[in-house]
Every structure is written in structure tokens, then in C-alpha cells.
Amino acid sequence: MEPLWKLLYLLEPAPVTLVLTAVVVTFGSALRASNYGEEMERNRDLSEASITLDRSQALMIPIMSSCSLLLMFYLFSSVSQLLTAFTAVASASSLFFCLYPYVMYLKSQLGLVDPYMSRCCSKFFTRIQCLLLLLCIGIVAAWLVSGHWILNNLLGISICVAFVSHVRLQNIKICAMLLACLFVYDIFWVFFSERLFGENVMVSVATQQASNPVHTVANSLSLPGLQLITKKLELPVKIVFPRNLFGGAVPGNSADFMMLGLGDMAIPAMLLSLVLSFDYRKSRDSEIPPAKRRKYIWYALSGYAIGLVTALAAGVLTHSPQPALLYLVPGTLGPVIVFSWIRNELTELWEGTMPDMNGKARLTEV
């Protein structure tokens with residue numbers, strides 16, 4: 001156990017930046033998911049509809065996550081290049097999804113003409129969409145070449161936002177069940193996996209670096225500039241910050257970085273998205289002015305920030321990896337349940353359902 005004065009480390013730039021980034025990304029993901037759901041409800045677009053998980057599907061997430069974790073633990077070196085290629089495609093599409101609304105806003109403000117240019121997979125693409133896609137591919141290519149942590153974070157944040165927008169839960173009851181299962185999942189794989197597998201599985205997988213297929217191809221073809229292409233990559237399944245944020249870090253040395261998995265932002269963001277939708281419905285239907293009504297989103301977001309700081313503090317004091325969901329699940333779900341019970345809104349919040357996007361899309365198709 002480290003002395004308490006070690007907690008002053010949390011005031012350094014890297015931990016502060018990590019906490020602020022995680023809070024902003026979590027809230028931004030929830031807000032984007034809420035807005036995206038409303039857009040799809042208005043447009044009733046079958047091809048863009050979100051996937052709404054029921055209870056059995058949601059409970060499969062911890063099981064599938066455990067299987068994937070073991071697969072990566074034993075076979076990561078064998079599949080790392082394939083995994084990198086898949087992640088690059090997912091990153092480009094996620095970045096396009098995140099940037100597209102802002103590009104469309106600028107287009108409407110500037111009054112730009114945007115003619116159709118091509119057709120792919122029965123869908124037409126405009127000139128601006130093609131240019132944006134090229135930009136996203138260029139950013140992914142820059143990440144593949146340099147492996148820079150800022151580009152890694154940008155792509156990771158994009159994947160987080162896209163995941164929360166497209167994978168949704170029906171109500172907070174199902175979300176609470178999922179959070180409880182992932183709470184146990186995170187604790188087991190961080191604290192107890194070493195006893196069964198001889199090594200901390202979660203930490204081992206989180207700190208492994210993938211082989212760069214671009215470097216492999218360039219090396220086999222003896223292309224010029226090979227020394228400029230990084231051999232190993234941090235995959236954008238986590239956000240990372242150099243511990244010496246303004247002094248830089250040694251590339252390829254994961255010990256010089258603080259990290260937070262995307263799941264520690266995406267899963268709480270799914271809860272926040274449901275809470276945002278509930279707050280919106282209550283503000284719309286309630287006689288109390290929205291400015292005077294205390295919204296659940298602020299309780300959940302504050303709990304998330306406190307939980308994340310607590311996780312970092314526990315890591316500093318124990319000098320060992322901590323399962324972030326051990327602190328984030330009570331921090332986010334607890335305040336929402338307590339304050340909704342005090343307001344006599346727990347049943348309504350617990351059983352409230354999200355709009356059935358798949359059902360509406362099927363109805364439109366008929």
C-alpha cells in the first residue's frame with residue numbers, strides 16, 4: 001500500500017487529461033446515440049437502423065467478451081495482422097459516421113452544392129461523402145504508418161461513439177443486468193485470472209501490441225521509407241496518454257502510457273443514453289419547466305467521473321491494475337436508481353423502452 005501523498009499524481013496532466021477525455025467521450029457518445037435514435041425514428045431508414053438488444057442478447061456480451069479475451073490471450077500473435085486490418089476498416093467507417101453530421105452542417109451553412117458522383121452497394125454517394133471517406137481513409141493510413149497515440153485515440157473514440165449509437169438496449173432493467181454481469185466479468189479477469197491461467201489475462205491482452213501489416217508488406221517488397229513505418233501498433237480499443245504528457249514517451253513502450261479500455265466508456269455510455277432519453281421524455285411531458293427539473297444524466301455523469309477518479313486512485317495506492325467497472329458501475333447506476341426511487345419514478349425508468357427501430361423499419365418496408 002502506497003502512502004496517501006502519492007495521490008498527488010492524479011493532479012498531473014496525464015491523469016487529468018485521461019479523466020476529462022473519458023467523461024467527455026462517454027457523454028458525447030450517449031448524446032450522439034440519443035440524437036441518432038431520434039433521426040432514425042423520424043426517417044425510418046431500414047439500412048441505418050440500430051440494433052436493439054433484448055435481455056438474452058445483452059447477457060451474451062460478457063460470455064462472448066470472455067471468449068474473445070481468451071482467444072486474444074492465446075492466439076494474439078497469430079491473428080494480430082488480420083485483427084489490425086479489420087480494426088482499420090472499422091475505424092474508417094466509425095470516423096466517417098462521427099464526422100458526417102458536422103460536414104453536413106457546414107454544407108448547409110455554406111450553401112454548397114453536393115451532386116451525386118457514384119453508386120456502391122445499391123447506395124448513392126455524393127461528392128462530399130466521397131471526399132470525407134477519403135479523408136477518413138487517409139487518417140487511418142497515417143495511423144498505420146506512424147502508430148501515433150493521438151491518432152489511436154481519435155480512432156478509438158470514433159469506434160466508441162459508433163458502437164453506442166448502433167448497439168442499443170431496450171430499457172434500464174436490461175442495462176442494469178448487463179452492467180452487473182460486466183461488473184463480475186471485469187473483476188474476475190483482472191483479479192482472479194492469474195490464478196487459473198498463470199498470468200493476468202486482461203492486462204496481458206490490453207498491453208499487447210499488434211504487428212503492422214503495412215510494415216510487413218513494405219518489408220517484403222523492399223519499399224523505400226521502411227524505417228518510417230512502425231512495426232508494432234497499439235490497436236484503437238483503448239485510449240492512451242503518455243504519463244509524461246508534455247515530455248513525450250518512448251514509442252512501443254506501453255509502460256510509459258496510461259490507458260482506459262473503450263468498454264469502460266462505451267458500456268456506461270449505453271446507460272447514459274437511456275437516461276438521456278428518459279430525461280427528454282419527462283421534460284416533454286412534465287409540467288415542471290425543464291430548467292428547474294434536475295436531470296438524471298448529471299447524477300450518472302458525476303458518478304462516472306467520481307468512479308473513474310476512484311479507480312485511478314486505487315491503482316496508484318495499490319500499485320496494481322484495477323477493474324474500472326468495479327467503480328464505474330456503482331458510480332453510474334447507483335445514483336440513477338437511488339434518485340429515481342426518491343422521486344417515485346423508479347418503475348417508469350426501470351421498465352421504460354427504447355423505440356423499436358427494427359419494428360418501425362419493417363413496418364415501413366411492408
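Contact, on this tour, means heavy atoms within 4.5 Å. You're looking at a predicted model, where local features need pLDDT of at least 70 and side-chain atom pairs count only at pLDDT 80 or more, while totals for chains, interfaces and linings use all residues. Numbering starts from 1 along each chain as its sequence is written, and side-chain values use heavy atoms, with hydrogens and water left out.

**Stop one: Tyr299**

Select Tyr299, in helix 9 (residues 296-318); helices here are DSSP runs of H or I with at least four residues, strands are runs of E with at least two, and both are numbered from the N terminus. Not counting residues up to four places away in sequence, Tyr299 touches Arg294, Gly331, Pro335, Phe339 and Arg343. Pick Gly331 from that set: it sits 32 residues from Tyr299 in sequence, with 9.0 Å between the C-alpha atoms. Tyr299 counts as buried because its relative accessibility is 19% (buried is under 20% relative accessible area, exposed over 50%, partly exposed in between, using a 1.4 Å probe and protein chains only).

**Stop two: Ser211**

Jump to strand 5 (residues 210-211), where you'll find Ser211. Ser211 is at 19% relative accessibility, so it is buried too. Beyond its neighbours within four places in sequence, Ser211 is in contact with Ser80, Gln81, Thr84, Lys231 and Lys232. Show the side chains of Ser211 and Lys232: they make a polar contact at 3.4 Å (a pair of N or O atoms within 3.5 Å; within protein, one able to donate a hydrogen and the other to accept it, with residues adjacent in sequence counting only if both atoms are side-chain atoms). Thr84 lies 127 residues from Ser211 in sequence, but 7.6 Å away, C-alpha to C-alpha.

**Stop three: helix 2 on helix 3**

Now select helix 2 (residues 55-110) and helix 3 (residues 127-146), whose axes come within 8 Å and cross at roughly 140 degrees. Axes are lines fitted to C-alpha atoms over the stretch in contact, and angles run from 0 to 180 degrees between N-to-C directions. That makes the pair oblique (under 35 degrees is roughly parallel, over 145 roughly antiparallel, 65 to 115 roughly perpendicular, the rest oblique). Residues making the contact include Thr84, Leu95 and Phe96 of helix 2 and Leu132, Cys136 and Trp143 of helix 3.

**Last stop: helix 3 on helix 4**

Colour Ile139, Val140, Ala142, Trp143 and Ser146 of helix 3, then Leu151, Asn152, Leu154 and Leu155 of helix 4, to see the contact.
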